[in-house]
Amino acid sequence: MRFEDCICVGLIGSPHGVKGYVKVKHFTESPRGVTAYGEVFNYKMEKIILDFKGLSKNLGIYSIKGITNRDLAESFRGIKLFVKKNNLPSLTNGDVYHFDIIGLNVIDKDGNRKLGTIKNILNFGAGDIAEILSNEGDFFVPLMPNDLDHIDSKKGTIFLSNFDKWKNINKFR
């Protein structure tokens, strides 16, 4: 297994209590999602066996196999948790995972002009926004149906419908 075949689903935070439990910030739909997609690994691809125990302020509380006290749990603080990408559920209705579109070339809807490359996907609470790296400067485009024409994952291309609407808004300098 290669690291590139995995996706980060959580981050271990501080210990919780004295039994060796840890708090886990989840990057999944729910705190239980950290263990819902098969085996969990650290960045060295070493398996970490987690058992969900409950919630604390929207953080998952987990036990780690072999960790029985707070001091040992503390040594796991800051460790990112990964699962194999191919264990994630298939998406429908044209939905895609962020990792599938980061790095794609961005083309105008007619396919005539390369506009840049998707650098990152951000979400500040009102929906996903693509950060696009361009020779003209970085810009942001909401990933909404009226701004996104279609994605051709085989060609590594995403087609934008309303580029002219977004090209001069919020440019980086």
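Colleague: Why is Asp110 called exposed?

Modeller: A residue is called exposed when its relative accessible area is over 50%. Asp110 has a relative accessible area of 56%, and therefore it counts as exposed. Please note that the model is predicted, and that every value given here is computed from it.

Colleague: Where does Asp110 lie?

Modeller: Asp110 belongs to the loop between strand 8 (105-108) and strand 9 (114-123). Its C-alpha atom is 8.8 Å from that of Leu160, although 50 residues separate Asp110 and Leu160 along the chain.

Colleague: What makes Asn58 count as exposed?

Modeller: The cut-off is again over 50%. Asn58 reaches 54% relative accessibility, so the word exposed applies to Asn58. Asn58 is found in the loop between strand 5 (50-56) and strand 6 (59-64).

Colleague: What is the phi of Asn58?

Modeller: The phi of Asn58 is near 65°, which is a positive value in a residue other than glycine. Such a value deserves mention because most residues other than glycine have a negative phi. Met45 is also not a glycine, and its phi is positive, at about 65°. Met45 is placed in the loop between strand 3 (40-41) and strand 4 (47-48).

Colleague: Why is the contact between Arg2 and Asp5 called a salt bridge?

Modeller: The name requires a side-chain nitrogen of Lys or Arg within 4 Å of a carboxyl oxygen of Asp or Glu. In the pair Arg2 and Asp5, the closest N and O atoms are 3.2 Å apart, so the pair is a salt bridge. In general, side chains of opposite charge can pair when their charged atoms come close.

Colleague: How do you know that Asp5 is partly exposed?

Modeller: Buried means under 20% and exposed means over 50%, with partly exposed in between. Asp5 has a relative accessible area of 32%, and therefore Asp5 falls in the middle class.

Colleague: What makes Glu39 and Lys47 a salt bridge?

Modeller: The closest N and O atoms of Glu39 and Lys47 are 3.0 Å apart; this is within 4 Å, so the pair qualifies. Glu39 has a relative accessible area of 38%, and it is therefore called partly exposed.

Colleague: How many salt bridges are counted?

Modeller: The rule gives a count of six salt bridges.

Colleague: Why is Cys8 called partly exposed rather than buried?

Modeller: To be buried, a residue must be under 20%. Cys8 stands at 23% relative accessibility, so it is placed among the partly exposed residues. Cys8 is part of strand 1 (residues 6-16).

Colleague: Which residues does Cys8 touch, not counting residues up to four places away in sequence?

Modeller: Cys8 touches Phe27, Lys80, Leu81 and Phe82. Each of these has heavy atoms within 4.5 Å of Cys8, and for that reason is called a contact. The C-alpha atoms of Cys8 and Glu74, in comparison, are separated by 20 Å. Glu74 lies in helix 1 (residues 70-74).

Colleague: How does the radius of gyration of the protein chain stand against that of a compact globule of 173 residues?

Modeller: A compact globule of 173 residues would have a radius of gyration near 16 Å, whereas the protein chain has 20 Å. The C-alpha trace spans about 60 × 30 × 25 Å along its principal axes. The protein chain contains three helices and 13 strands, and 38% of its 173 residues count as buried.

Key. Residues numbered from 1 in each chain as written. Predicted model: local features only at pLDDT ≥ 70, side-chain atom pairs only at ≥ 80, totals over all residues. Heavy atoms only, no water. Buried < 20%, exposed > 50% of the residue type's maximum accessible area, 1.4 Å probe, protein only. Helix = DSSP H or I, 4+ residues; strand = E, 2+ residues; numbered from the N terminus. Rg over C-alpha atoms; globule rule 2.2 N^0.38 Å.
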